[in-house]
Each structure stands twice: as C-alpha cells, then as structure tokens.
Amino acid sequence: MRTRAFTTAAVCAAALLGVGGVTPVAAADRTGPVGGAGADFNGDGYPDLAIGAHTATVDGVRRAGVVTVAYGSATGPRYDTASVISQATPGVPGDPAEDGTWRAVSAHGDLDGDGYDDLVVNWAERNTVLWGSAAGLTGGGTAGGGTTVTPGTYRAHDPKVLGGTVGVGDVNGDGVDDFITRGHNGTAYGLSVRLGPLDRTTGASAGVWFRDTGSLDKLGTSVVHVGDLTGDGIDDIVVSGGVVLGNGTPGGVVLKGSATGLAKGGGFGGPHAYSTFYPSAFGDLNKDGHQDLVTGHPEDNRIYVAYGGPNGIAATPKARSYTQASAGVPGLDEEGDRFGSALAVGDTDQDGYDDVIIGASYETGADPATTTASGAITVLRGAAAGITTAGAKSLTQNSKGVPSASENNDHFGSALAVADTDLDGAPEIYVGGNGEDGYKGRVWKLPAGASTGVTGVGSTSFHLGTLGGSPGGGNFGYRMIG
C-alpha cells in the first residue's frame, strides 16, 4: 500500500450539535490514511485510470455497461492487467440490465480507510462503491468487490441520498474520505455527508451530517464539488448551481470542512444553472498553496475559474470566465461546441503551475461536412497571476502525431484526465472520444513535457478491446477518472 501521512481528529457529537444546522449521527473518533492525489486502486504508488463504457454489451445484455481500470506502472498504463468490471462481476451489486447504462465513474477516494482508493459508480440515485485492494478493483472475495451506498430513508437521522452529483473527500479531517451528495431529511432538501469509513458489507457510514442549505444558506443544492480551497488540509464543499431561495436566481456557496462540522464560507459565483452535473477540477493554478476550482458550463460554452483562499474563494486573483471568444483562447465561440464539456488540471509544462485542459466535445473542424462534432481540447496555462491565455493551444485528431483523424461525431474531448502513470515526472493527458468508430469509443494518451507542454507527437490510443473487454463495447471514454 502507499505510505501516507496520518492525522487524528476527535469528532465529538456534543460539539457537532452546536454547528450551524449540521446534525451528527453516530459520529466516532477515527484515525486513518489521508487520501493522496490521483487514483491508486491497487496501492502500488502508480496512478491508475478508470474509464466507463456505458453501452457495452455484458453477457449478451445490450447496453448494460462496464467500468474498466488500467493500472499504472513503470512503463505507463498496463493494458494486459486491466480490470473490466460489470454488474455480472462476482461481488458487484445488481445484475446487467438492457439499457442499464451502468457507467458513471464519478469519484474516487479511500472511503473505508484501508489505504487503497475506491471508485464510486453513480447513476441517478444508484451509488455503488467498488473497493480497492492489492489486486485492484477486481470484484468478488476479499480482493475488491462492491457495495451499494446506503440510500437513506427521508428521515432526519438518515437523510435520503439523491442522485446526480457525488463528491468524495475528507471534510472532517479524520484521515478517512467521506461521501457527499444532495440529500433530503424528510422535510427539506440539502446536503448529505456520509462520514467514512463506509462499511464494505452494508454500505453504512460511520456517521451522517445533513445540512439544510435552504434554511442556512438560502440555496437549493444542485451540484457539489469537493476540494481543499482553504489550504488547511481539510476538504471543503462547494454547493453550486442551486437556486437562491426567495428570488429564484441561481447561486453557490462554500462550506468549509472541519472536525466539528461544516461552516459557511464565502459565496461562489459563476454562470450557474440548476443542473445535476457540471464537470470540475481542482489544482493550484497560481502556486499560492491553495487549491483552485475550475468548473465547466458546456451549455454556455464556457469555463469558470475561482481561486482558493482562507474563506473559500479568494478576492484576488479575481474569479473569471473564459470562452473561445476570450482574447488568446484558440478557436471560435460557436453555438453547440460544448466548450467545457470535460476538464482536467495538471502541470503539463512542468513550470510549477497547474494548467487547465478543456474539452469541447462538439467542436467542428475546418470542414463541417466531415468534422461536425469531431471535438477538440484546449490548454490554458497557469501563472502567478492565475490562468493566462499566453501560450494557449488547441489539439484535435488532425493535430500532428495524434492517431486517427477528426470525423463527424467522434466527440474527442468528451472526457479528460491528467496522470503521471509511470512516475517519470511528466504527466500524460488522456482524452476520451466516445463517438469514435461508430460510438465504440476510444481514449488517446498525449505526452506532455517541459519543452513542449501538451503535444500530439508520440501519442497513442486504445479502446475497450485493448483492455480485454468486448471490442464492440459502446461509448468507451465518455467518463474517466485519473
């Protein structure tokens, strides 16, 4: 397993009762490993890559869906040892169902405190955790397996977990990751935090916090993003896309994590709309020690960059939006491009500042007759003053070195991940194109380095068949975690 730092936080139920509307249930003192960057499901120190193929056929059942994991190694992702997991895999809850689209690799973290990252597969109100182990996410027996997260019952002490948005992070600082979703406590909609460790057998949590965001924050919870904006080592929750109660306008708020509950921080601006999904990514874009939050708003063809600070969102650098109409951003701002349909953050040019990679999965190339919705990605660099458009670049399948070619409905950029799977110090950029090859789907691996940044030269690609699944698998690369 990975060597990780350990912290201890005594979680006192009596103290929690006094925190603005956060009600604890069966909270307990816990000590556990602190989650690290990147997904590592088999604990060997190399980051892994989880990719969904939500319309893949499983045991003759059409469009049942599979989840795959390519494990990192000294030579990069190992395709020959990949896991291909479905609801037909022993130990995984449920059964394959036609059009079940068991697909959404949604979040990762160490939810049971054993030192291995776990993977959340989420669709509507169905939340399954696939457990990490020394053998990876294999399903069955003691090596992995899966559990349905306790759905709740619309009662105050056991709020109902609602679908659409999932976050994982350590919001109480006890060293074990927690499971965060929208929720309902029988009388109000709000935020449900199921405190880790989760029980592998029952899916039950060690405790539950519920926050009535309507009463306390005047906000209807829509989307949650989880990361350490305040820089105190404890993850915070950004509630975004909700409706400000009383005037019906969209808005957002930062809820700061702590051992004694969630404390209201500053507001979260941006082009909100009431939705259950916005892509997002955290990273330190200006190298000030605080994580920053980038959210995608593909219906508006834009991204929104907010910089972390002690109260959640810093006043400087000022948060701002970027579109393809922004000065220095490559491409044209055209309706339906879905600029911001996928996001990833990482230091692609090794200058110490994280950069933002943006998917525009419906971007059309130079020839609309042959490249409608072929897709593209854009790279915006980090800097001391925040994101800069200086040196911005765009890549497509027609870029030099990228395998295949831009064609109608490839949707290159439908998913993104940045991971240094071989730990050589230079990250790789993984780009999903779920429409490639007639919606069989494909993922491209693009190199990056200090002298080049992200480049198509030296790129490779792979599909579900490469990882041992059915080569006819559908929509491979629609969702991805690295």
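A search of the whole structure, which is a predicted model, finds 12 salt bridges, each being a side-chain nitrogen of Lys or Arg within 4 Å of a carboxyl oxygen of Asp or Glu. Local features need pLDDT of at least 70 and side-chain atom pairs count only at pLDDT 80 or more, while totals for chains, interfaces and linings use all residues. Residues are numbered from 1 along each chain as its sequence is written, and side-chain values use heavy atoms, with hydrogens and water left out.

R200 takes part in a salt bridge with D112, in which the closest N and O atoms are 2.7 Å apart. Because R200 lies in the loop between β12 (189-195) and β13 (207-211) and D112 in the loop between β6 (105-109) and β7 (118-123), this pair ties together parts that are 88 residues apart in sequence; strands here are DSSP runs of E, at least two residues long, numbered from the N terminus. The side chain of R200 also meets that of D114 in a salt bridge (3.0 Å, N to O). D112 is buried, with a relative accessible area of 15%, whereas R200 is partly exposed at 28% and D114 is partly exposed at 24%; buried means under 20% relative accessible area, exposed over 50%, and partly exposed in between, with a 1.4 Å probe and protein chains only.

A further salt bridge joins D80 and R78, with the closest N and O atoms 2.8 Å apart. Of these two residues, D80 counts as exposed at 61% relative accessibility, and R78 is partly exposed at 33%.

Conventions. Helix = DSSP H or I, 4+ residues; strand = E, 2+ residues; numbered from the N terminus.
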